[in-house]
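I opened the model to look up a few things about its chains. My entries follow in the order in which I made them.

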Amino acid sequence: MTSPAEADAGSEVVNAGRPQPRRGISLSDAGPPIALVVIFGVFAVLSPDFRTLSNVQNVLDAAAVLAVVTCGISFVLMMGSIDLSAPGIMGASAIAVALLVANNRNDNDFGLFGVAVAVLLGAALGCLSGLALVVLKVPSFMTTLGISAVGLGVATLMFAGVQPNVTDPMLEGWAVERFLGLAHLTWIAVACVLVGVLVQRYSRLGRYAFAIGGAEEVLGLSGVRVAPYKVAVFTMAGAFYGLAGVLVTSQLSAGLVQAGKGYDFSAITAAVVGGTLLTGGRGGILHSAVGVLLVTVLTNGLVQVGVSPYWQGGVQGLIVVAAVAAAVLPQRRRNQVTK
Amino acid sequence: MSAPALTSPAPDAVVPGRPTVGQRLTAFMPVIALVVLLAALTIADPGFLTLSSLTAAVRTSAPLVVLAAGATLVVLCGGIDLSIAALCSLATVFFALWLPDLGGITTVAIIAATGAIGALQGVAHVLFRIPSFIVTLGGMSIFTAVALVISDAGPVRVVDRDATNWLTLYVGGVVPMAFVVALVLVAAVSLVLRLTPLDSWIRATGYSESAARLAGAPVDRVKIAAFTVSGACAGLAAVMLVSRNFSGSPTMADNLLLPAVAAIVVGGTAITGGHGSLWRSLAGALVVTLLRVGLPIVGVPSAYEQILYGAIIVAAVALTLDRSKVLIIK
Amino acid sequence: MTTNLQTQPDPRVPAPAPALEVRGLVKHYPGVKALDGVDLVVRQHEVLGLAGENGAGKSTLLKALVGLVRPDGGEIWVRGEKVRLRSVVDAADHGIGMVFQEQSLVPNLTAAENIVLGSEGPGVRRGIYRWNTMRRLAQEQLDKIGSHIDPLARTDTLSFADRQMVEIAKVLRIEERTSHPPVIILDEPTSVLESKEIETLFTQVRRLREFASVVFVSHRLDEVLDVCDRVAVLRGGRSVGEVPSADAAPAELHRMMIGSTGSDDHYHGAVAERPDEARRPRLVVRGLSGKSFRDVDLDVHAGEIVGIVGVHGSGREDVCRALFGAEPTTAGEVVLDGEKLDLSGTRAACAAGVGYVPAERKTEGMVGPMSVADNMTLTKQQSRCTGPLVRPRKQATLVDRWIERLSIRTPHRGTAIQRLSGGNQQKVVLARWLVAGDVRLLLLDHPTRGLDIGARSEVYRLMRELAGSGVATVLLADSLEEAIGMSDRIIVMSDGRATTEVAAPPGGKPTPLDLVKEMV
Amino acid sequence: MKFTSRHTAALIGVTLAAATLTGCTEEAGGGGGPAAETGACDPADVKLVGQVRNESNPYEAAWLDGGDAFAEQVGLTQERLTYDGDSTRQQEQVSQLLAGDTECLVMNVLPNGDSDTPPIVEGAQEAGAYLVTQWNKPADLNVTDYDTWLSHITYDGVESGKQIGDALAEAIGGSGGIVALQGILDTGAAKDRFAGLEESLAANTDVELLDDQTANFSRAEALEVTKTLLSKHGEDVKGIWAANDDMALGALEALQQAGRDDVAVVGIDAVPDALTAIQDGTMTATVSSDGPWQGGIGLAIGYCVATGELAVEDIADEDRAWYAEQFLIEQDNVADFVSPETDESDFACDNLFSRSQGAMS
């Protein structure tokens, strides 16, 4: 069992994952949305450029890829594991999709099928890290770090020195064509978030991921074999990264090995800022989506108000710490466990 | 944490309290992994196993050993320090900037300063109860920003090399001084831990923070101390890097973060805290260094090098992790 | 006096196959024979009590029955059919389910999910949850045991007793897997329940008998006799006999368990000298207030044991933790031996000579993977140090002395404490406060939770001894009987206030009923 | 855990003993010591090493391929090293490399940043390996102070930054707002190029620099930054100055996504995609830098010295640190650069410095 301290902390949160009348909204749930509104408000006051409609569209478009990555990572974090494989998997799938749809390197023109293969490649790599976790019993921190390196290696192999440029009109269109003012990419990301929410609330996989984060050993005692679900969660996360790699390729019209650079830590940051605990068992896709918006608004707003590029990273780090502190401080108790 | 199915039963009969052969083997796994890797590299390229080549490898590993050793303390307490690399980069800049004014005491000043910065993170962690992952993630970006600003985003040359020259010496003609310093650091910290109550406080904190607190262990102070040492180690690593590169740069050590964490885990220290030691991280850092420099030097092409690196590092952890101490692998 | 199970004639039922039968079960662990040929028969529709001291092999036997432990020899028969149980699922398929001593619920899932966990059946189709079906399934189970919990409430928002109900509801799900009446094993279900909750539980257990067989394990022999039809006793990995509960007395059972004559009246085994009432109290608490308690006044004299009783939510646990600096206070003053006690943290309390034994031994009381020696000296580091340096010799001598003095059964002082039995673990936790010999106030939060009678008696003896040496003790007892038996005075708390004080001198003990009246 | 203390104690003991007994020396374990100034290596014994950041970028991959081509020309193979844009790792690789057999070692190195050059140079000097560096070097580090550091080749970043700045000014009609995408702030190339832009701005007073942000030479980052800058400055943006082509290409994507086709974009490096974009008219200008040639020339210089065909002292001082020839590529001359060719004669020992535009200033 979890210690009472943790259980108490959890009990203050009414989880959203079921059709039950909510018993009031707790602070830790409301914190990130409030922070989002506050930060948005601050930037809107500081910069007239920020509060334009086109910039809001821009923020949403910019959040698309991160949102897809965060969807994947949230399930892993919910289990209490961690996933650093996004850069490698995104790189591999980005190059793969660029080589499979119409491009300048070969005569392939598989269209959507190519996209599917790239997503499957991501899923396969994710599956590998899951398998290494449950079979070799290596902590996910290391398996995903290893898989990230493997993914980058595979991507470099496929890259073979010549940039694959995408000429496929469908894939290029995703980034350019708009629907209701937002790029198709953004709608794809919205769809991913919706799928994520549905998986989290209504699928056994999602609920078990949540349960594994809550009390893994109990599942075993209840006759549930945990390992397949862990592998499945990593596979699903891999698929999300694969899709994110495709989206980056669509945005850049080119397959880049570095397509996923930095997305590992930004996705974790987004998820954590949104209220997902690294110890697992708390948070969810909607939390993470709010976190993604928070991070994106910050990045965009700092440029808009003209903060020096040198300082931007620092200010962002400071605000993330402050946001988490603001969410955590009211719950601070004696003898609380913080890792 | 423990559930009925997972705790071993409580046999009342007296079994010997000494570790079994298997346990001893697990304890030496990091070293075994190191030897195996070295053998494999030698088979791939017989020229790799020369004195000068090994000397270069251990010299290379020194900053990584120091970084990993410091962060190991934080990991033992159950936390994680993601800021070590950025702090180390910042320290290289500080070093280059301060050297003209401070001269010989710059090294001490740097270690003190980074120790203080580490302590600050520790205080933020225990005082505000922010997870260490977040505090140090924030620290990482803040240190990078500060380093960029004060260095004007460029490298700062170190003209006076006397201050760092001692680190480039060789003890007995073969052992690089930097590595000796790293060894002494690991040995000294290990000794201090063994000889004082710190060891049981740290492990108690890592295994079960609430139990440690209710037993009156100074959990908060231990954690702050761990972060302080981690920061100070980042400073020492920075001095080593400067002695090697003759300059400070705001991004110099940034890429050492993941290798350092990998070194800790490859050494067999549990990332969840409690179980592990500094000497394990030393072995882990050597394994990681051999992988980083060895693979390309024996002629593995860059794409395959990454794939191999990923595979070997997972295999190494699979080998070294003492699963009897960690019930649930996350 | 040992009675053979097989030859015991059944007075009531002619002889349908027993629901569950164990023949000559053997299980070895390195260096110890945990089960040495255990025989056991569970008849259909009966509640069988299982009694035995810690280490008698109870938990190994139960684990073998649910497939968590693979026996080295012997047979398990279910309804006249020999079976091999490889996993919890296997056991469930044969209709055997267990409510674990430490609750096995996922705290962040709903009660409904926990109830159907692992056997969702129609609640999940093709991996997709059907919440309404699931709620209905869970409701059916809860109705069976007459519980009124909202199936969609998050488990960690429920009270402990409610969670126990959820556990039972969950175990009853195994009915779905088998057409026969199930066998339900309850391992120490009452150890953390308050008396009212225990009463509810017993009502449910008696209802269970109508459609299931129950194996009931408890350290509280009175309970066992109260709720069970028969009681089987284990000792040293063997079955030593069984008695119909109607004819048995706790003392007889106890004698069977420990293998010699003993007395049930262990509370009063050794009464300490009366504390000197005239002296100034050692601990003076005035107007202590916190999140869940208000204006608590409390005096404890040196050598006195003061019990605090109260129902769940009375705030007594928080008062106890507040005195140790582990729970914030908003007002009030605490004076220990004339000096103001610093309540800012646990360190200060330790330094002032306050000791605390938490209720959650496994997560808060001890550091499982660390050795007995390190656990014992964790708090009073000075006891093993010279200056700032640890002296392994000094530690070894000290620890060995206390291992002997408290007769802690451990292979070695370097053994990880998690490998010890519960009673021995608790003794190590207690010893932690004693090694330095400077403890003045001991706060004991359910110190005997989950311990068997033998271990309990030893803890009681130790408490008496400490009180005798002048330590002031605050006791949150496991049961009212324990509070009454052990305390010199009893404070009743309700709704965060100390409402009544009842004197409990030897010979003038109040009855549980007197206290219950005050508690509600 | 018991034996840990014994272990540490043993370690300390051994180290202290070693330290006190032998004292400290400055000798490295191996290394060849200062090598002969002019080698007399058998051409077959020469070991060629090319080191760049990574093979996942077309320019640097082409560089290594150029090195392979040269190696083949002289009947050798090139060892391809990459360090993933990680300064520390570059140093580690170099020092490991120099710990091996360095007698006839020729290295053609792309230092990750200015600050990475001095240790590489000193290491090579100490081990006696022949070294040619490219792109990054601190201004006050003189090649002529060293024996085995044969040459440093770079392109004049100030000049290229200025050239494309001028081309951009012209493309937007001499007046209007532009934004600049800077490279990795910690590199000389990024700073020089930006300095060039500033020179150009000083000359074209009607062009206004609305904003400058770093996109770290990365296509993906440039995309995001440009999007943000476009929404910030809107129609005021008439041109985008990027410190390399990758960022220019990222900016082009952002413009396409924003539906803007009235913005001129310039970059540097002449990567194939940029040349295509210039051919299509979506990009205005870039400046050539010739990866395959760079990959070959560095090895060629080293090879010639190692085999004794060229003596270090015979290399003129102005050829020890020099700017290589570069061209402004616009739509009218882009066809000439689409398939860069390196001629074997470029690497002949008497023709090594033919592309020099003069000594580095």
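**Chain B**

I counted 14 helices and four strands in chain B, where helices (H or I, at least four residues) and strands (E, at least two) are DSSP runs numbered from the N terminus. The radius of gyration of chain B is 20 Å, close to the 20 Å of the globule rule for 330 residues, so chain B is as compact as a globular protein of that length. That radius is taken over C-alpha atoms, and the rule is 2.2 Å times the number of residues to the power 0.38. The C-alpha trace of chain B spans about 70 × 55 × 40 Å along its principal axes.

I noted that this is a predicted model, in which local features need pLDDT of at least 70, side-chain atom pairs count only at pLDDT 80 or more, and totals for chains, interfaces and linings use all residues. Residues are numbered from 1 along each chain as its sequence is written, and chains are lettered from A and ligands numbered from 1 in the order in which they are written.

**Strand β22 of chain C**

I then turned to strand β22(C), residues 472–476, and found five of its five residues buried (20 or more other C-beta atoms, placed from the backbone, within 10 Å of the residue's own). On one side lie C:Ala472, C:Val474 and C:Leu476, and on the other C:Thr473 and C:Leu475.

Which strands run parallel to β22(C)? Strand β15 of chain C (residues 305–309) is joined to β22(C) by three bridges, with C:Gly307 partnering C:Leu475. Strand β21 of chain C (residues 441–445) is joined to β22(C) by five bridges, and C:Leu441 stands opposite C:Ala472.

Terms used. Buried ≥ 20, exposed ≤ 12 C-beta atoms within 10 Å, placed from the backbone. Pairing = 2+ DSSP bridges.
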